[in-house]
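Colleague: I am new to this structure and would like to know how the descriptions of it are reached. Please take me through a few of them.

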Number of protein chains: 2
Amino acid sequence: MSKKNAFYAQSGGVTAVINASACGVIETARKHRNKISNVYAGRHGIIGALTEDMIDTNRETAATIAALRHTPGGAFGSARYKLKGLEENRAQYERLIDVFRAHDIAYFFYNGGNDSMDTAHKVSQISKRMGYPVSCLGIPKTVDNDLPITDTCPGFGSVAKYVAVSTREAALDVLSMAKTSTKVFILEVMGRHAGWIAAAGGLAGSKPADAPHIILFPEIPFNKTAFLKRVKACVEKYDYCVIVVSEGASYKDGKFLAEAGTRDAFGHAQLGGVAPVVANMVREALGYKYHYAVADYLQRSARHIASAVDVKQAYAVGKAAVEFALAGKTAVMPVIKRVSDKPYRWKIAEAPLSRIANKEKMVPRRYISKDGFGITEAARRYLAPLIKGEDYPPFINGLPKYVTLKGLPVKKRLNDKFVV
Amino acid sequence: MSKKNAFYAQSGGVTAVINASACGVIETARKHRNKISNVYAGRHGIIGALTEDMIDTNRETAATIAALRHTPGGAFGSARYKLKGLEENRAQYERLIDVFRAHDIAYFFYNGGNDSMDTAHKVSQISKRMGYPVSCLGIPKTVDNDLPITDTCPGFGSVAKYVAVSTREAALDVLSMAKTSTKVFILEVMGRHAGWIAAAGGLAGSKPADAPHIILFPEIPFNKTAFLKRVKACVEKYDYCVIVVSEGASYKDGKFLAEAGTRDAFGHAQLGGVAPVVANMVREALGYKYHYAVADYLQRSARHIASAVDVKQAYAVGKAAVEFALAGKTAVMPVIKRVSDKPYRWKIAEAPLSRIANKEKMVPRRYISKDGFGITEAARRYLAPLIKGEDYPPFINGLPKYVTLKGLPVKKRLNDKFVV
């Protein structure tokens, strides 16, 4: 096998550990210089390939690449850019293959979620048909934890840890003040249609008196009466009530709580997601003093409190993708396979991209308590290992030292401009 | 001097390190058992004294007291409860002295902000007049950093670190995505009328291209036109714009941005503080995709990312208060005195409560850049040392191990019930 180049791109919402996967890809590729000359990284994800705007990772030092392991965000730039079906979008797929051919790229590593796995799968198909077969490897990433087959998705463990730690900390604050001040605290978390992140909030406590007292899952249709009754009972019993609400929480008819809110004087839908909507319900029905937090990007970029297990797994899937490619595999994705809960053991396995693409894994009903407001022991067994271990970044002068790439471009070889 | 008891209470909004001050008080008192028999702690702050509901700290182990140093929130319960003027409220002050007298309490340690220093000052005065002189010591605490005389307020350094770290992390996230997604990110922080916490966000970057690109201070009247112009220039130049906004940001007429928002269909003032209001301005005027986070209690309870300097100072003021009391001082508060910026050196000094009470220290104009949107080098010199050092709590199974007190009550000695 002659020496070829590889292409790596980050896709979709970034995480605290997606760069750890990049680190796994590049460090592993560098160990196989006899087969992989260089890893070109797409600037702004797949857009970088389409516009022939690629970063030359060989120009980055070993220290810089190593530091990606502890740097959040997407160091090469990510993109929310979905290649559509082959038929509507043939030009884009062909362009990708043209760029790969021009730069002698034989390996395509796509680090993303469901959509990206669909793209990687299609690229693998079209590359064969165009007579320039490319090994296409998916690398899982999503804080939403909603990819099928893999036991967990790199990125999730760190958000889960952030949310569990923050819930525990904020609960201590609220409890201290409840006598004369805030009684209800609401933390809004991410997760889209899947309640995994909200579920992780449940790890903050273990007894019924512990916060969070209520979790609102997208998987459980919101019942306002039952919810308010629970808030009241909780404040009466424990003096305070901590609620973790998923941004995807919705009514039986599928309407998001966040959308169902009121409109302002100009007729705009109320801004601010679900936390203020829930807060408003509590205020109107019960009159309790409340506070709410919207963690937003803080949760998925909080590398300072990343899960050591998550960092390790993020690196491992990057490394495995390169190893799979070098073993001649294509259209597959490394997945995390759980071997045991206690002690927690896992290994890397593989799954065909066709089985990952465009599928979402929701929180199963057996992970949610009967009343719909909490997590079960089965959920704890699943979630607990994923937040284990701390992996602090280095600090200088009180701040984490994150790395910035030189980001030097690979010289273009195609003359035409491609507009995305 | 015969052996006496001490009373300690937490007051107002709690912090990540107020328990470190409690730890300083109790550990130091325990070193002087010949003078202080026991530290009684008010359950829910001063309310615990008024209702004779005090926690017997002698029943807590040394390990528990030591663990207060790394436990956020107010372990004894705090209260937003202000004793008013002596004349309107004589009964309450007299009740306090009655309880102190009944329990042989000769030392009163009040851990709080401006209001609490006022209370401690008044208690010192009335106790003399009532013929039962109590040594009244203030212990500074406020995330708002707005107490006069002291160089900084314990609690602030840790919020400052949280905000600087979170801003740096979220900025990396936004920058990765800006090409195809979110271009403007807004982080709402606390601080009431003082912009210290917002200013600390400025530590996240050091060059003009670095986030945060805009800080909105309560000290600078909000100018919508100038603000939007700056957001636009920033997105055009750097592809993204990160804004840190203080909850106290307001217009020239003193009206809070958060209040000036629109009303919902029911005529309620829009919920959600200042971040969604700012976000809405950006959307309407410029149309950029935005996200916002409201850190709320997460910022002031985030013991996991506390500043080591802050923890040390919080402990030191607790310790010094006991030492001052034993030296016969009253109506004073230990303050932090800065000796030098580089290397950062500080010592404990003292200030009379009368000079602290009911005064607020704002961010001086020379700490804010000419355009009003950033911090100056002088501000950096002041702020940078305060976030230095990490002081991680112990973790078990991926979560910080925070302590809960037994909280056993001191036996009541007064028969009457006092209603607060």
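This is a predicted model: local features need pLDDT of at least 70, side-chain atom pairs count only at pLDDT 80 or more; totals for chains, interfaces and linings use all residues.

Modeller: In chain B, the buried residues of helix H4(B) pack against strand S1 (4-10), helix H2 (46-50), strand S4 (105-112) and helix H5 (114-129).

Colleague: Which residues of H4(B) are buried?

Modeller: B:Tyr93, B:Leu96, B:Ile97, B:Val99 and B:Phe100 are the buried ones. A residue is called buried if 20 or more other C-beta atoms lie within 10 Å of its own.

Colleague: What puts them on the same side of H4(B)?

Modeller: Around the axis they cover an arc of only 160 degrees, so they lie on the same side of the helix. The face turned away from that buried side carries the exposed residues B:Arg90, B:Ala91 and B:Ala102.

Colleague: What do the buried residues of H9(B) pack against?

Modeller: They pack against strand S6 (184-189), helix H8 (224-238), strand S8 (241-246) and strand S9 (290-294) of chain B. Among these buried residues are B:Val274, B:Pro276 and B:Asn280.

Colleague: How many residues of chain B are in contact with chain A?

Modeller: 66 residues of chain B are in contact with 66 residues of chain A. On the chain B side, H6(B) gives the most, with 13 residues. The residues of that side divide into 33 nonpolar, 20 polar and 13 charged.

Notes. Residues are numbered from 1 along each chain as its sequence is written. Chains are lettered from A and ligands numbered from 1 in the order in which they are written. A residue is buried if 20 or more other C-beta atoms lie within 10 Å of its own, exposed if 12 or fewer, and partly exposed in between; C-beta atoms are placed from the backbone. Helices (H or I, at least four residues) and strands (E, at least two) are DSSP runs, numbered from the N terminus. Two residues are in contact if their C-beta atoms, placed from the backbone, lie within 7 Å. Ala, Val, Leu, Ile, Met, Phe, Trp, Tyr, Cys and Pro count as nonpolar, Asp, Glu, Lys and Arg as charged, and the others, Gly among them, as polar. The arc is that of the directions from the helix axis to the C-beta atoms.
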